[in-house]
Amino acid sequence: MTAPLTPPHQPPHDPAWPPPPPPASGPDGDPITAAEVVQGALVTIASAVAGVLLGVLWLNLAPRVLLVSDGKGVYLRNSEGETAIGADGTFVLLALAFGAVAGITVFLLRRRGGVPLVLGLAAGGVLGSLLAWGLGTHFGPTSDVVAHAKAVGPDVTFEAPLELHLGAAALLAWPLAAMIVHLSLTAAFGPRDPDPWEHPKAL
């Protein structure tokens, strides 16, 4: 007489079966802790504050579009100039540099990385870009071109408002650069999870 066959690896008759789902975890499989969330928030705040410096640099380094009025209308002083796209290019280049520095700094301070840090870099980059854009346009030449032309008089050259013609594309340069640099450094130089095949447990 043989014993009845039972399926191997049968789950135990436990009312708690199946086990509860694991907590939210980062890319390395570790649960996301409150400390990591706080660090991500600090990265967001620091990046947003750095947007003030970006705005000041953009305001001082961006080429100006020159306008002139004949008393009836306002025209470009140099219709063949490329200064209009120069302001956008200056902002994008500065934002890329700020994003790269942010990504490198966060990696050096915390090599393990984590989802909150990446989200902090992204959100902080967007906020910093928006703040820089707002500062540059607010403290730059007035946006009321007609009133400005009347104030300076005809045949007098004056500066056009500082604008971003690329719009959202320019504002995303900082967060994209920050995330790409940080994720690249983490993948290349971040800590590695131990290989379970290197030290197999004895059965």
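The structure is a predicted model, in which local features need pLDDT of at least 70 and side-chain atom pairs count only at pLDDT 80 or more, while totals for chains, interfaces and linings use all residues. Residues are numbered from 1 along each chain as its sequence is written, and side-chain values use heavy atoms, with hydrogens and water left out.

**Overall fold**

The chain contains 6 helices and 3 strands, which follow one another in the order α-β-β-α-α-α-β-α-α; helices here are DSSP runs of H or I with at least four residues, strands are runs of E with at least two, and both are numbered from the N terminus. Of the 203 residues, 32% count as buried, where buried means under 20% relative accessible area, exposed means over 50%, and partly exposed lies in between, with a 1.4 Å probe and protein chains only. Among contacts between residues at least 6 apart in sequence, 79% join residues at least 24 apart, a contact being heavy atoms within 4.5 Å. The chain exposes about 13300 Å², of which carbon and sulfur atoms supply 69%; accessible areas come from the Shrake-Rupley method with a 1.4 Å probe, and for residues only the protein chains shown count as cover.

**Nonpolar cores**

The largest nonpolar core has 23 residues, and those with the most contacts inside it are L54, W58, F91 and W174. Two or more residues of this core come from each of α1 (34-61), α2, α3, α5 (168-171) and α6, with the largest share, 8 residues, supplied by α2. A second, separate core of 5 residues includes V65, A149, F158 and A160. A nonpolar core is a set of buried Ala, Val, Leu, Ile, Met, Phe, Trp, Tyr and Cys residues joined through side-chain atoms within 4.5 Å.

W58 lies in helix α1, and, leaving aside neighbours within four places in sequence, W58 is in contact with residues including T90, F91, W133 and L164. The C-alpha atoms of W58 and G140 are separated by 9.9 Å, although these residues are 82 apart along the chain. T90, found in helix α2 (residues 83-109), touches W58, L61, A62 and P63, not counting residues up to four places away in sequence. A polar atom of the T90 side chain also lies 2.8 Å from the backbone oxygen of G86.

| Residue | Relative accessible area | Class |
|---|---|---|
| W58 | 0% | buried |
| T90 | 17% | buried |
| L130 | 38% | partly exposed |

**Charged pair**

A search of the whole structure finds 1 salt bridge, defined as a side-chain nitrogen of Lys or Arg within 4 Å of a carboxyl oxygen of Asp or Glu. E36 forms a salt bridge with R110, their closest N and O atoms being 3.0 Å apart. The pair links distant parts of the chain, since E36 is in helix α1 and R110 is in the loop between α2 and α3, 74 residues apart. Both E36 and R110 are buried.

Definitions and conventions: A polar contact is a pair of N or O atoms within 3.5 Å; within protein, one must be able to donate a hydrogen and the other to accept it, and residues adjacent in sequence count only if both atoms are side-chain atoms.
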